[in-house]
Amino acid sequence: MGLSIIKDRQGTSWLIAAVADGAGSAKCAAEGSRLATESFIEAAAETILRHGADNLDLLMRSSAVYARTILEFIAEDAGRSLDDYHTTLLACVTCGTRSAFYQIGDGIILVREHDAAAWSPIFRPQNDEDRTFTYFLTLPEAFDIAEGALVDRPITHVALTSDGLQDIILHPETLAVRSQLLDRLAGALAAMAEPGP
C-alpha cells in the first residue's frame, strides 16, 4: 500500500494511491506487492510533475506498465520466475474533481461523490464465479484484463482495499456496498488525522 500527494506545475494537488496484494502461493509475494505499489506511484508522480495530468488514461496505463517492467527486471536479476512475484494492483490518481482508477485482480475500489448518499464501486472484484482465481499484474494477459475508469465529477472520499477486506465492505453474495461501515471507517481515520489539543 502506498500514498503520495504532489502538486503539478499549476499548483493543483494530486493524490496518488495504490494497493497491491501478493498471491499467497507466490514465493516473493510481499516483495512483488511492495514493488508494484511503489513503482506505480513513482511513475505516476513523475509523469504529473514533468508532463501534467491532461491524459489521465495514458498516465494510469503507463504507470502500470512501468510497475510491471520493474517486477520483470527484479525477477530476472534474482534469477526467478515472474510468477514468484504475482500481485494484484489497484490504483487511483485524483485532484478531487478529476480522477482516474485502474485495477488488475480482486479487491475493490470505492468512491463517495460529493453530496452522494452512499459509496459506490468503480469496478467489481476480478474473480471467477467460485472466487478461486484472480488476475495478477505479472500474468502475460494482465493489460488485456486490466480495467480503467475516468471520473470527471467531484469526489470526497476514495477507498482501495485488497480482497482481505472485500467481504467486509461488500456483501459476498449481492456485492452491495456497506456504506455505513465505510462512513464509520472514514470518520475514525479523519479523527485520527486531526491535530491533538
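This is a predicted model: local features need pLDDT of at least 70, side-chain atom pairs count only at pLDDT 80 or more; totals for chains, interfaces and linings use all residues.
## Overall build

The chain is made up of 5 helices and 8 strands, which follow one another along the sequence in the pattern β-β-α-α-β-β-β-β-α-β-β-α-α. Along its principal axes, the C-alpha trace extends over about 50 × 45 × 35 Å. The radius of gyration of the chain is 17 Å, which agrees with the value near 16 Å that a compact globule of 197 residues would have.

Buried residues account for 43% of the 197 residues, and of the contacts between residues at least 6 apart in sequence, 64% join residues at least 24 apart. The accessible surface comes to about 10500 Å², with 52% of this area belonging to carbon and sulfur atoms.

## Nonpolar cores

The largest nonpolar core has 32 residues, of which Ile16, Phe40, Ile48, Met60 and Val93 touch the most other members. At least two residues of this core come from each of β2 (13-19), α1 (29-51), α2 (56-78), β3 (89-94) and β4 (99-104). Apart from this core lies another, of 10 residues, among them Cys92, Phe123, Val151 and Ile155.

Leaving aside neighbours within four places in sequence, the contacts of Val93 include Ile16, Phe40, Ile48 and Met60, together with Trp14 and Arg98.

## Phe123

Phe123, which belongs to strand β6 (residues 120-123), counts as buried because its relative accessible area is 5%, under the cut-off of 20%. Beyond residues up to four places away in sequence, Phe123 touches Phe101, Ile108 and Ala149, among others. The C-alpha atoms of Phe123 and Phe101 are separated by 9.0 Å, although these residues are 22 residues apart along the chain.

Notes: Residues are numbered from 1 along each chain as its sequence is written. Side-chain values use heavy atoms; hydrogens and water are left out. Helices (H or I, at least four residues) and strands (E, at least two) are DSSP runs, numbered from the N terminus. Buried means under 20% relative accessible area, exposed over 50%, partly exposed in between (1.4 Å probe, protein chains only). Contact means heavy atoms within 4.5 Å. A nonpolar core is a set of buried Ala, Val, Leu, Ile, Met, Phe, Trp, Tyr and Cys residues joined through side-chain atoms within 4.5 Å. The radius of gyration is taken over C-alpha atoms; the globule rule is 2.2 Å times the number of residues to the power 0.38. Accessible areas come from the Shrake-Rupley method with a 1.4 Å probe; for residues, only the protein chains shown count as cover.
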